[in-house]
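Good morning, and thank you for the time. I would like to take you through one structure, beginning with a single helix and then widening the view.

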Amino acid sequence: MKSRLSALAIAATLSVSALALSGTAQAGATFDGVKQKGYVQCGVNLGLYGFSSPDDKGKWSGLDVDMCRAVAAAMFGDAEKVKYTPLSAQQRLPALQSGEIDILARNTTRTLTRDTANGLNFGPTNYFDGQGFMVSAKLGLKSAKQLNGATVCVLPGTTTEQNVSDYFRANKMTFKPVVIEKNEELNKAFFAGRCDALTSDASQLAAIRAAEVQNPNDYVILPELISKEPLSPAVRQGDEEWMNLVIWAFYAMVQAEEKGLTSENVDAAMTSPDPDVKRLLGVTAGNGKALGVEENWAFNIIKQVGNYAQSFERNVGTGSKLKMPRGQNALYTEGGMMYAPPMK
Amino acid sequence: MSKQFPADQAPIPTGPVPPAHWAASYEEEPTQASTPPQANGMTALKPFGWAKDNLFNTPLNTVLTLACLALLWLVVPPAANWLLLKASWSGSSEACREAAGACWSVIVVKHRLIFFGTYPYDEQWRPFLACALFVAMLGASGVRAFWRPWLAVAWALTLVGMGVLMWGGVAGLSYVPNDRWGGLPITLMLSVFSIAIAFPLSILLALGRQSSLPAIRTFCVGFIETMRGVPLVSVLFMASVMFPLFLPEGVTVDKLLRALAGMTLFTAAYLAEAVRGGLQAIPKGQYEAADALGLSYWQKTVLIVLPQALRIVIPPIVNQFISAFKDTSLVTIVGLYDLLTAATVATTDPEWRPYFAEVYVFAGLMFWIFCFSMSRYSQWLERLANRYTRR
């Protein structure tokens, strides 16, 4: 099945590259198209808690959903002007290539081959995921480097298992793997105390913790991530205007966090003397015109969606059931990798 | 009891010897006839007599009966405890952690999401009403007294009513685009519409496959064999993922419509083969007699062949209907929120994730209700269709 799907995907890729080549003359087609129809068509996950999932009332929320809402806020001044297309993993890239969606925000890892071969471009990473370790808080560990000699619960035959042994070898440490076939059994074994650490993608660990443990503080996700899963939004190749808007809509949220602007205080910040804030909020004109949108585009994002910290905490951080630490997703000033280029 | 056999003249079964468990029922009647029920309370002992004759009449049956009882003893009390007695019926997920049984509160919390997906919350009475209307009409269409011309009118009105309810945009109802539909309405509509369109299509395909015109025959054979040669998942994948790539950029055909088209064509191919089975079962004399009467091809087909052929193939056709209903759950691969997908999404909430079994049991129950009704209805229909025929 898998090879069949990938064969289809290759066929899709070929036909799309043909389309993309013929379509390069009309740059800005997506940008103008979105503006004309009056909403952003956003490809999301069918349901991944914290990133994109419908809540009990069927309303979409999540970190990826906020990415789309930010773009809509920048474009239309209204974060609600988004339509969601839930996509399966097989569908997501062809859906973007065929023009069915305008932006793909579906926990998609940015890789070289995806970036080059599939006729699409990735924006800035809105969540740095990667394989991590979860341990009991009673052990008092602060770093994965302290795991020497630990027993580690891991699924067999996956890259996950490979990553763990590579990491321990590289750091001249040893570990005892407890290999269990089934996810449910593996989690049970960990919480029953059969191993010191459980390893999987950090976002996955947080979801497991939230589901299985009454008090999430009893277990800690260590800050080291031993694999790279930069989850990034993607757009179709051939429309740089649209791509620019997606990129800078995200950076506006990061910049807002850096400058301490939140959805609550952004109104008051309009009178701020800081030249960076003035440019970001459009008090000093220029950024909006360069992007082809209203000058108050970033103000609308911050007001309606919030800055990156607000979005993070609400969806996956302390304000959510996942209680994920910021880790690599903190600002560069706080030891993370979130960094917005100068917005001028 | 119009006829009573003396005990020594009990009817002796002829032909192959029936299996042991039949023997009891053959012997039962004469036994009763020879010892008529007495008025002194002997009737209370009858169940024991029945059990002795049917369940413990041979050593093998005794062993099997005891084994079954032991199995029931092992299965039923824990199942009842989990499902009902020790289950938690309301409250938070904390209450569920305490409970030893199932956590049905997850259904209480998530039932709107499971039934209606991402349909706007405050408007969910609309899909509810639409589904109720739809199911009521399906039920009514099965009743013989309602098989009148006005049923077609009622259906037309129902479909318009459902469209108005689901889409809105008129009569003060807000517009809800169909990419926000989900849950039960999607499952019901996909299955019923694909079956309703596929059935006539399949008859044409089956007739076409037997046609003497080479072009039509080749087309029908080619279509049926292609569709039967690929899994439904590939058909859906082609319809939903590949098809848009061949359209000019910006031109999109509705996702729901694409999935519906894929399912319809797939179901039609399978149904066509079932119908062909019926066509081939009609004795050649029927065709020849119709020809001899000077009937045209369509007269012959509609008046003589199809009424007989379709009656024969009710079981395989209903089998296909049930299978099509269950296949709707595959549309998750093209990102549609059918009932099962919505149920799966409900279990992604970490707070309720430990109770995924309850959610799937519930979704399974919903599917079972619809499939079982279809199966019962088909049995009734078969009896009706065959009432003048001895089979």
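Let us start with helix H9 of chain A, residues 240-258, bearing in mind that the model is predicted. Helix H9 of chain A holds 19 residues, and the distance from its first C-alpha to its last is 26 Å, close to the 27 Å expected at 1.5 Å a residue. Is this helix mostly covered or mostly open? H9(A) is mostly covered, with 15 of its 19 residues buried. Just after H9(A) comes A:Gly260, whose phi is positive, at about 75°.

In chain A, five strands make up an open sheet, ordered E10-E9-E11-E8-E12, with mixed pairing. At its edges are strand E10 (175-179) and strand E12 (219-221) of chain A, each of which pairs on one side only. From one strand to the next, the twist averages 30°. Strand E9 of chain A, residues 150-154, runs parallel to E10(A), and five bridges join the two. Within this pair, A:Val152 stands opposite A:Pro177 of E10(A).

Which helix packs on this sheet? That is helix H6 of chain A, residues 159-170, which touches strand E8 (131-136), E9, E10 and strand E11 (197-201) of chain A. The direction of H6 makes about 160° with that of E9(A).

Next, chain A as a whole. Its secondary structure comes to 13 helices and 14 strands. The radius of gyration of chain A is 21 Å, close to the 20 Å that the globule rule gives for 344 residues, so chain A is as compact as a globular protein of that length. The C-alpha trace spans about 60 × 55 × 40 Å along the principal axes of chain A. Of the 344 residues in chain A, 50% are buried. Among contacts in chain A with a separation of 6 or more, 72% come from residues 24 or more positions apart.

Finally, one residue of chain B. B:Gln210 sits in the loop between helix H8 (184-209) and helix H9 (214-229) of chain B. Why is B:Gln210 classed as partly exposed? Because 13 other C-beta atoms lie within 10 Å of its own, whereas a residue counts as exposed at 12 or fewer and as buried at 20 or more. Beyond its neighbours within four places in sequence, B:Gln210 is in contact with B:Arg276 and B:Leu279. B:Leu279 is 69 residues away from B:Gln210 along the chain, and their C-alpha atoms are separated by 9.0 Å.

Note on methods
Residues numbered from 1 in each chain as written. Chains lettered and ligands numbered in written order. Predicted model: local features only at pLDDT ≥ 70, side-chain atom pairs only at ≥ 80, totals over all residues. Helix = DSSP H or I, 4+ residues; strand = E, 2+ residues; numbered from the N terminus. Contact = placed C-beta atoms within 7 Å. Pairing = 2+ DSSP bridges. Axes fitted to C-alpha atoms, helices over the stretch in contact; angles between N-to-C directions. Expected span 1.5 Å × (residues − 1). Rg over C-alpha atoms; globule rule 2.2 N^0.38 Å.
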